[in-house]
Amino acid sequence: MTSTATGADGAADLPDYAPIPRSALGPALNDQRYYVGRVERNLYWVTDGVYQSAFLTTRDGVVVFDAPASIGNNLRLAVDEIAAANGLPNTVTHFVYSHHHADHAGAASLFGGNVVRIGHEETKHLLVRDNDPTRPAPEVTFTDRYTLDVGGERAELAWHGPNHSPDNIYIHFPGHDTLMFIDVVNAGWVPIYNVNLSEDVPGYMGAPAIALDYPWTHFICGHLGRLATRDDVTVHQQYIADIEASAREALATVDPIPSYMRYGENAWAGVKANLDTVTERAAAPIVAKYTGVLAAADIEIFTYTTTFQIMQSLRLDTGLGVSRPVNP
Ligand SMILES: [Zn+2]
């Protein structure tokens, strides 16, 4: 495909990227711009092609897990469609927060005031702080584990430490062979900026192994247009492990002295020059290796900023390289 002039919107100046691997794409959306599909038995997932949500239909009502702002009222349409098809009540009785972020929970208020909202205690703390009417704080909270039983169906909620966010939980459906764990692995795609906008880098890097410790076949990861598999988690782990190994090598081999010498008393300019050199050295081979494997791997800023965050975590959390002499 050749790019074409597009006039005043400036899109003609935007770069071209490698084709998206077909395996990274999901099912077509309907005319309302959503897709709802069965995960297993009465567990369903909903996507708008970028965000994902899930719900359980039971004889006693519906349990909704996350309500992304971008899916919005289409989540209500999806619940109504499936409940009607199964001859089950469409009343949403319970809502579970995977974590407090507005993009995955901004439609939480759509289900009215009679919903029992459940989340980690830190989710409640953060939602009280955020004071956003679209994300009411959960009334039911837990510290480590919580078992949700509704209409004969079960979800096991667990917190295993901070990762993407301080409050991000694992939601296991033991009767549906499924795990829901949001914003760490993107099915078939690279993480976006800064380790997928994550706060705790060691926690983020360790989380996929915790996810794989659960028994499951289906993985609801929150992004993008399809469900994930155990292979998706493994490829993601390899991408992150490759970045870590590459960052370790770059930290060990890039000599910082020329950067500091170049800028003299402007210490921050020397820091920038050195860290940029390490990041470039570490990230370039990862971009090359994963282009065509993970969608958007060739959007270099994603891998570069993720590499930068991991390299900083290696320095600050593990102490790697920080004892090197920095003054000539
Ligand atoms: Zn998030």
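This is a predicted model: local features need pLDDT of at least 70, side-chain atom pairs count only at pLDDT 80 or more; totals for chains, interfaces and linings use all residues.
1. For the terms: strands are DSSP runs of E with at least two residues, helices are runs of H or I with at least four, and both are numbered from the N terminus. Two strands count as paired if DSSP finds at least two bridges between them.

2. Residues are numbered from 1 along each chain as its sequence is written, and side-chain values use heavy atoms, with hydrogens and water left out.

3. Zooming out from the β10/β11 pair, the open sheet here has five strands, ordered β8-β9-β10-β11-β12, and its pairing is mixed. The edges are β8 (145-150) and β12 (218-220); each has a single partner strand, so one side of each has no neighbour in the sheet. From one strand to the next the twist averages 20°, where axes are lines fitted to C-alpha atoms (for helices over the stretch in contact) and angles run from 0 to 180 degrees between N-to-C directions.

4. There is also an open sheet of seven strands, in the order β1-β2-β3-β4-β5-β6-β7 and again with mixed pairing. Its edge strands are β1 (35-40) and β7 (140-142), each with a single partner, so one side of each is left without a neighbour in the sheet. Ignoring direction, neighbouring strands are turned by 20° against each other on average. At the β1 end, β1 and β2 (residues 43-47) run antiparallel and are joined by five bridges, with Val36 opposite Val46 in β2.

5. β3 and β4 make a hairpin with two residues between them; five bridges join β3 (residues 52-58) to β4, antiparallel, and Thr58 stands opposite Gly61. With β5 (residues 92-96), β4 pairs in the parallel sense over four bridges, and there Phe65 faces Val96. How much of β4 (residues 61-65) is buried? Five of its five residues are, taking buried as under 20% relative accessible area, exposed as over 50% and partly exposed as in between (1.4 Å probe, protein chains only).

6. Now the zinc ion. Its protein donors are His99 (NE2), His101 (ND1), His164 (NE2) and Asp183 (OD), at 2.1 to 2.2 Å. Donors here are N, O and S atoms within 2.8 Å of the metal (3.2 Å for Na, K and Ca), and since water is not among the atoms, sites may look incomplete. The spacing in sequence is H-x1-H-x62-H-x18-D. His164 sits in the loop between β9 (153-158) and β10, and Asp183 in the loop between β11 and α4 (193-197), so this pair, 19 residues apart, links distant parts of the chain. Both His164 and Asp183 are buried.

7. The four donor atoms span angles of 89 to 174°, and the site comes out as irregular. Four donors are tetrahedral if all angles lie between 85 and 135 degrees; four are square planar, and six octahedral, if opposite donors are over 155 degrees apart and all others between 65 and 115; anything else is irregular.

8. On aromatics, the whole structure has ten pairs. Rings of Phe, Tyr and Trp (its six-membered ring) pair if their centres lie within 6.5 Å; planes under 30 degrees apart are stacked, over 60 edge-to-face and the rest tilted. Phe95 and Tyr97 are edge-to-face at 4.9 Å centre to centre and 85° between planes, and both are buried. Tyr193 and Phe302 are edge-to-face too, at 4.8 Å and 75°. Tyr193 is in helix α4 and Phe302 in helix α9 (residues 300-316), so the pair ties together parts 109 residues apart in sequence. Tyr193 is partly exposed at 39% relative accessible area, whereas Phe302 is buried at 12%. Tyr170, Phe181 and Tyr214 form one aromatic cluster.

9. Two arginines are worth a glance. The charged end of Arg230 sits over the ring of Trp216, 4.5 Å from its centre, and Arg262 lies over the face of Tyr263 at 4.6 Å from the ring centre. The criterion is NZ of Lys or CZ of Arg within 6 Å of the ring centre and within 35 degrees of the ring normal.
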